[in-house]
Structures are given as C-alpha cells and as structure tokens.
Amino acid sequence: MHSASTAPGAAAPAVLTMTAAFEGIEGSYSHAVLDAYGERRGVRFTPLGLPSYRAVAHAVLSGRADVGLLPIDNAIAGTIREGYDVLGEYELDLLAEITWRMEHRLLGVAEATVAGLREIDSHPVVLAECGRFLATLSEVRRVPVPDTGVAARDVAAARDPRRGAIASADAGRRYGLIELAANIADHPDNFTRFILFRAPNAARPAADFEPARDFADRKTSIVFAVPHEPGALGRCLSIFGRFGLNVSKLDSKSRLGAAQQYTFLADVDGDVREERFAETLRALRDETLALHVLGSYDASTAPARVPVTTTVAIDERPPAVPAAATTPFPKAQRKGETTGARVQVGDVAVGDGAFVVIAGPCSVESRDQILATADAVGRAGAVMLRGGAFKPRTSPYAFQGLGWDGVALLAEAGRAAGLPVVSEVMSIDQVERMAASIDVLQIGARNMQNFDLLRAVGRADRPVLLKRGMAASIDELLAAAEYVLAEGNPNVILCERGIRTFETATRNTLDLSAIPVLRERTHLPVIVDPSHGVGVRRWIAPLCRAAKAVGAHGLLLEVHPNPSEAKCDADQALTFGDFRRVMEDLSAIPLRG
Ligand code: PEP
Ligand code: MN
C-alpha cells in the first residue's frame with residue numbers, strides 16, 4: 001500500500017505515499033488536515049473518504065487504508081464522543097494528535113450574496129460553531145449534512161444562488177464556489193483535535209511515525225470507570241498528580257449498560273512506556289471498575305495554523321526610551337527642575353512665587369450684582385474677577401447667562417475694581433469678541449476636549465484658564481493644554497475643579513492629588529476650584545486651605561452678594577463674609593514652592 005517514489009531524474013528526497021481514510025468526502029476538513037500534515041511530515045496521503053467513523057476504523061483494520069484520521073475534540077463544540085468511542089472500541093495504534101484551526105467560510109455560487117441566501121448547509125457541529133453569525137441571518141434555514149465537503153459539493157452542483165455552504169477555503173476552491181464571508185465562527189481560536197492512527201502491528205510505514213524515544217511531547221488517552229460514590233474520581237485524579245502526570249482533558253459520560261457507574265475520558269501528558277505511567281496504571285487499577293488505554297501518541301504538533309501572510313515588518317527589539325518630543329504633550333511637559341510656572345495677566349503674575357485668588361459670581365446677573373461683588377472680593381484680596389456671561393447649563397431651560405450684555409458688565413466691573421476679568425467662552429465664534437474685553441478666556445469642564453475650541457483660543461492673544469473635564473484624566477488635561485500651546489498661545493492656567501466619582505455626598509470629588517502630579521509633570525500654573533469641586537458652601541473653606549497647602553498656585557471661587565438668590569450654583573456661592581474669612585485663613589498657610 002505505502003510506497004516510496006522519487007521525482008524523475010533528481011536527487012529529491014523520496015516521498016512516501018500512503019492511503020489515508022477519513023470521514024467525509026474530498027474537501028472536508030479531515031482531508032485538508034491530512035494534506036497539511038502530510039506536507040509537514042514528507043508523506044503524500046491518498047485520500048479515502050468514507051461515510052462514517054466506524055468505516056474509517058474498518059478500512060484501517062482491513063488494510064484498505066494505511067492510516068485513519070478521526071476528530072475527537074473541538075474547542076467550541078466540545079468532546080466529539082463518536083471519535084473517542086471508535087478509538088476505544090477498536091484495537092488501534094495511535095500515532096499522532098493533530099490540532100487544526102478551523103477557519104470556516106461561507107461559500108456560494110458566483111451569483112450568490114449573503115442577503116440572498118435562504119439555506120445554509122454544513123456539518124451540524126460546524127453550524128453550532130457559527131451560531132452567532134447564523135443568528136444574524138433571520139431568513140436562512142440551517143441544513144445539517146454529513147460533512148462540510150458534502151455541503152460545498154452539493155451547493156455547487158445545485159447552482160442555486162439561494163443556497164450557501166459553510167466549509168473550508170480549500171472546499172471552496174475544490175468545488176468552484178466563491179467566498180461570501182470569512183471569520184464566521186463564534187471564536188477565532190476554533191481548534192479541532194484529530195487523531196491519526198494505524199492498525200496494530202502494521203508494517204512500519206515511516207520512521208517519522210515511530211514513537212519518540214525520550215517521551216517528550218507524548219500524550220496518552222485513557223478511559224476508566226469509577227463507582228458512583230463520593231471521592232472516587234478524586235482518588236483517581238490524585239494518582240496522576242502523585243506520579244507527576246498532567247491531565248489535559250477530562251470528560252465524563254454514564255457507562256452504558258452499567259447503572260450507577262461513570263466513565264471518564266482522560267488525556268494525560270506522557271507515554272505508557274514510561275515507568276511513572278506504569279505505576280500510575282497499577283495504582284489506578286485498584287480504584288477503577290474498568291480501565292482501558294486507548295494509546296500513546298505524538299503530541300508535538302503545535303496548533304496547525306493556516307499561514308498568515310503579512311507585509312508588516314516585525315521588530316523584536318525593545319522600544320527605545322521615549323524622548324521628550326515623542327510624548328503626547330511635549331509643550332506642556334515640564335522641561336526640568338528649574339522651569340518656573342508663570343502666566344502674566346495684566347499686572348498679575350500667576351505661577352511660582354504667588355498664590356492668586358480669582359473670585360466672583362457663577363454668572364453675571366445684573367450691573368449691581370457684579371459691581372458689588374467686584375468691589376467686595378477686590379477689597380478682601382482677590383486679584384482677578386470671575387463671572388460667567390455664557391453659561392453651560394445642564395438644562396436648556398435653566399438661566400443661560402446674560403450673553404454679550406454680561407460680558408460688557410463684567411468688563412465694566414473689572415475696570416471699576418482694578419481687577420482683570422475671567423469669563424467662559426463656549427464657542428469658536430465667541431472667541432474673538434470675548435478677547436476684545438475679557439482678560440482670561442475660560443474653557444469650561446464640559447469643553448475641555450472641544451478640540452476646535454481649544455485651537456481657537458490657542459490662536460487668541462489672551463491667557464486661557466483650562467478647567468479639567470469632569471471625566472478627564474490628568475494626561476487628557478495636559479493633552480488638552482497641548483492643543484492651546486501647539487497653536488502658539490503659551491499662557492495656559494490649569495484648573496482642578498473636581499471629577500465625577502461614585503461619591504454623591506459632594507457635587508464632584510475634588511482631586512487634590514492631581515496638584516502634586518501636575519506640578520511634577522508640567523510647568524503650567526495650576527489652580528483649584530473648590531466651589532465646583534464640592535458644591536456646598538460650608539465645605540469650601542477647608543479645601544481652600546488644603547489646595548494652598550498641597551501646592552496649588554491659586555484658587556477660583558464663586559462669591560455672590562446674596563447666595564440664596566443666585567441664578568446658578570446658589571448652594572456653593574460664598575457670601576462676602578465667607579470670602580473674607582477664607583482669605584484670612586489662607587494667610588496662615590505658608591506658600592509652597
Ligand atoms: C464655572 O466656572 O462657572 C463653570 C461652569 O465651571 P465648570 O466648567 O468647571 O463646571
Ligand atoms: Mn458655576
């Protein structure tokens with residue numbers, strides 16, 4: 001049966017030819033596995049497709065085939081019981097385990113489309129493996145057929161664009177079908193294990209199939225039955241452990257014809273010819289009702305992967321330590337120990353060597369309100385006046401700010417009190433007009449990643465007060481600052497204003513740990529807004545002290561002449577008296593460098 005042939009007139013190595021039986025027809029997965037395995041082992045298999053697993057065993061035992069191949073296990077569908085059953089029922093010499101990645105394709109005739117299919121044929125296990133994909137095709141009937149080769153052959157023969165088959169790419173080529181979809185299994189690691197075997201005492205076909213001498217990469221399959229009592233299986237398993245044998249598969253089934261007994265299939269690393277295996281089997285005999293060794297076989301084949309062709313050059317060298325210029329924020333990044341933070345706003349320097357307090361109402365509400373607040377905060381020691389004219393409100397029905405009237409009132413109040421003014425800019429079209437009368441353009445938390453707006457303020461010639469987004473990481477805050485810096489505006493003041501966490505007792509969670517981190521990582525000044533951070537008036541003072549103690553360059557605080565009447569953020573507005581007390585408290589906290 002097996003014979004050696006040599007390519008004519010050349011010194012090419014002899015190719016061994018053998019007949020290989022498998023279940024299915026040409027184009028089935030078993031056939032593809034035989035082709036690939038044969039190529040690797042220098043054997044050419046003549047395929048002999050048969051209608052059942054048992055017919056495969058018979059062909060081998062009768063000498064019609066040199067070897068047989070049966071699947072025993074699929075990563076998605078599980079144990080293929082019939083495979084193990086046949087290996088157990090017949091006396092066979094197991095040669096090798098072949099692990100094969102199943103790459104299912106949806107195939108059809110040339111005119112077929114996925115949308116036009118009404119029926120898909122395949123092996124029932126393969127249909128199960130593609131369950132998720134098939135569930136997306138609501139009008140398609142699934143038709144189980146004996147094998148994927150049959151599915152492909154019959155769909156090709158029918159020439160019906162409403163019929164598809166799930167099979168291998170090889171089956172598609174063999175039967176002239178086109179590929180309608182690939183990667184359709186529920187999981188890409190869809191491996192099937194096959195066992196290659198021959199008749200016992202068969203004439204030696206090839207040295208390659210001989211058991212290795214050192215027993216490395218050998219596996220043994222056994223079947224054993226235990227009584228139905230507590231600890232019976234555990235005692236068996238502990239025997240494997242005691243002799244240093246690793247069990248890589250264990251599956252159970254009721255023992256047919258024997259009530260209250262269970263049979264277990266076990267695949268164990270190692271070879272029956274090893275002394276430790278002999279001892280294991282001796283010990284197992286005392287604990288089991290039946291014990292049958294299916295055989296030991298070569299398990300050295302790594303999962304057979306369909307070769308992936310790629311044009312990507314692979315470089316295994318460790319990446320070089322990133323240079324400063326390759327960080328996501330080269331301009332925001334601190335250059336060295338000595339770079340001091342400094343942003344100049346009129347006469348006010350924000351940064352190292354000073355602790356600045358910016359105060360004012362959440363929103364400009366009236367001329368009186370903003371003039372009175374400017375006067376009060378200026379007298380208490382604030383160096384800038386804040387006030388929103390365009391307000392980013394959660395509800396579209398809430399007070400939205402006075403708009404350009406508010407901008408004009410804020411500018412007037414700032415001039416009257418001798419304080420530069422800060423106000424939020426919400427859109428690109430506001431930037432230029434705001435910059436004409438407002439000293440510092442605030443980017444609110446909700447706009448921290450409005451990249452076009454960041455670019456627009458980056459082109460303005462006003463400093464920017466950039467508030468941290470409520471779900472933004474420190475890196476994202478620095479990357480947002482980088483947008484402004486990258487446009488050429490070097491004057492960015494960062495502001496920690498609380499982030500959203502699971503905590504609901506405070507409006508946000510004021511992340512004071514961001515301050516030392518930012519001080520280390522950037523040269524930009526960092527201020528803290530405890531008003532939005534906690535949202536509750538009486539908790540603001542302690543956090544002002546903490547912010548100064550932890551190294552912030554200043555504070556942004558909401559102050560209102562009559563907090564209970566504030567049109568927005570009333571709960572967090574400090575009274576003028578509160579604000580004076582905060583300023584007094586702060587004078588007792590030393591400035592941190
Ligand atoms: C504000 O400063 O009034 C404001 C709206 O702040 P934030 O963007 O931090 O919520
Ligand atoms: Mn506010």
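In this predicted model, helix α10 meets helix α18 through a defined set of residues. A372, T373, A376, V377 and A380 come from α10. F576, F579, R580 and M583 come from α18. The residues of this contact divide into 7 nonpolar, 1 polar and 1 charged.

How are two packed helices described? For α10 and α18, the angle is about 20° and the axes lie 9 Å apart. Angles under 35 degrees count as roughly parallel, so α10 is roughly parallel to α18. The crossing of α10 past α18 is right-handed.

α2 passes α3 in a right-handed crossing. Y53, R54 and A57 of α2 make the contact with E82, G83, V86 and E89 of α3. Here the residues divide into 3 nonpolar, 1 polar and 3 charged.

The table sets out the two pairs.

| α10 and α18 | α10 367-380; α18 576-587 | about 20° | 9 Å |

Next comes the barrel. Which strands form it? The closed barrel has 8 strands and runs β19-β20-β21-β22-β23-β24-β25-β26, with parallel pairing. From one strand to the next, the twist averages 25°. Helix α10 also belongs in this picture: α10 packs on the sheet and touches β19 (356-360) and β20 (384-386). The direction of α10 makes about 145° with that of β20.

Look at one strand pair in detail. Strand β23 covers residues 464-467, and β24 covers residues 492-496. The two run parallel and are joined by 4 bridges. L465 has I493 in β24 as its bridge partner. Helix α14 (residues 474-486) lies across β23 and β24. α14 runs at about 160° to β24.

Finally, the metal site. Which residues coordinate the manganese ion (ligand 2)? They are C362 (SG), H532 (NE2), E558 (OE) and D569 (OD), at 2.1 to 2.4 Å. Along the chain, these donors follow the spacing C-x169-H-x25-E-x10-D. E558 sits in strand β26 (residues 554-558), while D569 sits in the loop between β26 and α18, so the pair ties together parts that are 11 residues apart in sequence.

How values were computed: Residues are numbered from 1 along each chain as its sequence is written. Chains are lettered from A and ligands numbered from 1 in the order in which they are written. This is a predicted model: local features need pLDDT of at least 70, side-chain atom pairs count only at pLDDT 80 or more; totals for chains, interfaces and linings use all residues. Side-chain values use heavy atoms; hydrogens and water are left out. Two strands pair if DSSP finds at least two bridges between them. Axes are lines fitted to C-alpha atoms, for helices over the stretch in contact, and angles run from 0 to 180 degrees between N-to-C directions. Contact means heavy atoms within 4.5 Å. Angles under 35 degrees count as roughly parallel, over 145 as roughly antiparallel, 65 to 115 as roughly perpendicular and the rest as oblique. A crossing is left-handed if the near helix is turned anticlockwise from the far one by less than a right angle, and right-handed if clockwise. Ala, Val, Leu, Ile, Met, Phe, Trp, Tyr, Cys and Pro count as nonpolar, Asp, Glu, Lys and Arg as charged, and the others, Gly among them, as polar. Donors are N, O and S atoms within 2.8 Å of the metal (3.2 Å for Na, K and Ca); water is not among the atoms, so sites may look incomplete.
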